[in-house]
Amino acid sequence: MTRRPISVFIKKLRRPVFTTHELAKLSGKSVSNVSQSLNFLEKQGLIVKIYRGIWAEAGNEYISPYAAIPFLLPRHRLYVSFISALHLHGIIEQIPQVITLASTGHTKVIKTTIAVFSIHKISPLFFKGFDWYKGGKGNFLIAEPEKALVDCLYLASRKKKAFKFFPELHFPDSFSIKKTKAWAKSIPDKKIRVSVIKKLEEILKINYPA
């Protein structure tokens with residue numbers, strides 16, 4: 001086991017957010033030993049605890065709630081979608097109080113020291129239509145705007161009241177109606193698909209009147 005301090009390995013990762021387990025693997029130290037070192041650094045004000053086993057450098061200008069997303073569920077991929085994605089794409093101006101994520105795992109809420117994350121389960125067959133975010137808030141996956149809108153309607157069809165009503169929508173010229181309809185038609189579950197297509201037509205009538 002190396003005698004070098006855990007701070008050396010934190011710097012080796014070259015990113016503001018990191019986990020206890022990856023530092024243990026990188027340093028060769030036990031998880032218990034690394035946890036003790038991290039707790040000591042936290043008391044010194046050098047790092048902050050975000051969530052169980054997730055840490056960040058204190059005062060790092062590149063830290064945002066979104067930077068923690070890849071570490072929230074180690075066994076499942078997550079991507080930003082629904083209301084949060086629509087906001088980041090500029091379609092909804094109002095800043096969501098929680099960050100909404102899509103996953104193939106169980107629906108749950110995770111409360112951290114930097115944000116509250118609301119994770120919603122979608123079918124593995126519909127877990128697509130996302131890419132890496134390019135806006136500088138962190139290294140995380142986000143739904144393309146068309147998929148984010150359909151994801152909202154997907155949840156609304158499953159009795160998720162929070163996704164049934166939208167604030168004012170501002171679609172950019174780059175927003176593709178054709179692509180949005182294609183996403184709606186690709187929903188595996190027929191009952192959900194029919195419900196989403198119906199609601200989508202209502203939204204398009206309002207925002208793209210003939």
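Two strands count as paired if DSSP finds at least two bridges between them. By that rule S2 and S3 in this predicted model are partners, because four antiparallel bridges join them. The structure holds five salt bridges, and three of them are described here, including one between Lys 147 and Asp 151.

**Helix H3**

- Helix H3 runs over residues 31-43, and at 1.5 Å a residue its 13 residues should span 18 Å; the C-alpha atoms at its ends are 18 Å apart, so expectation and model agree.
- Which residues of H3 are buried? They are Val 34, Leu 38 and Leu 41.
- An α-helix has 3.6 residues a turn, so residues three or four places apart point the same way.
- Gln 36 and Lys 43 are exposed on the other side of H3.
- The cover over the buried residues of H3 includes two helices, H1 (6-13) and H2 (20-27), along with the strands S1 (17-19), S2 (47-51) and S3 (54-57).
- Just after H3 comes Gly 45, which takes a positive phi of about 80°.

**The sheet of S1, S3 and S2**

- Three strands make up an open sheet, ordered S1-S3-S2, with antiparallel pairing.
- S1 and S2 are the edge strands; each has a single partner, so one side of each has no neighbour in the sheet.
- From one strand to the next, the twist averages 35°.
- Strands of a sheet pair through backbone hydrogen bonds, either parallel or antiparallel.
- Within the pairing of S2 and S3, which spans four bridges, Val 48 stands opposite Ala 56 in S3.
- H2 packs on the sheet and touches S1 and S3, and its direction makes about 70° with that of S1.

**Salt bridges**

- Asp 131 and Lys 134 form a salt bridge in which the closest N and O atoms are 4.0 Å apart.
- Asp 131 counts as partly exposed because its relative accessibility is 43%, while Lys 134, with a relative accessible area of 72%, is exposed.
- The side chains of Lys 179 and Glu 144 also meet in a salt bridge, at 3.9 Å from N to O.
- Where in the chain do Lys 179 and Glu 144 lie? Lys 179 is in helix H7 (residues 177-185), and Glu 144 is in the loop between strand S9 (141-143) and helix H6 (145-156), so the pair links distant parts of the chain, 35 residues apart.
- Both partners are partly exposed: Lys 179 has a relative accessible area of 37%, and Glu 144 has a relative accessibility of 23%.
- Lys 147 forms a salt bridge with Asp 151, and here the closest N and O atoms are 2.9 Å apart.
- Lys 147 and Asp 151 are four residues apart in helix H6, so about one helical turn separates them.
- Are Lys 147 and Asp 151 buried or exposed? Lys 147 is buried, with a relative accessible area of 0%, and Asp 151 likewise counts as buried at 0% relative accessibility.

How values were computed:
Residues are numbered from 1 along each chain as its sequence is written. Side-chain values use heavy atoms; hydrogens and water are left out. The expected span of a helix is 1.5 Å times one less than its number of residues. Buried means under 20% relative accessible area, exposed over 50%, partly exposed in between (1.4 Å probe, protein chains only). Contact means heavy atoms within 4.5 Å. Axes are lines fitted to C-alpha atoms, for helices over the stretch in contact, and angles run from 0 to 180 degrees between N-to-C directions.
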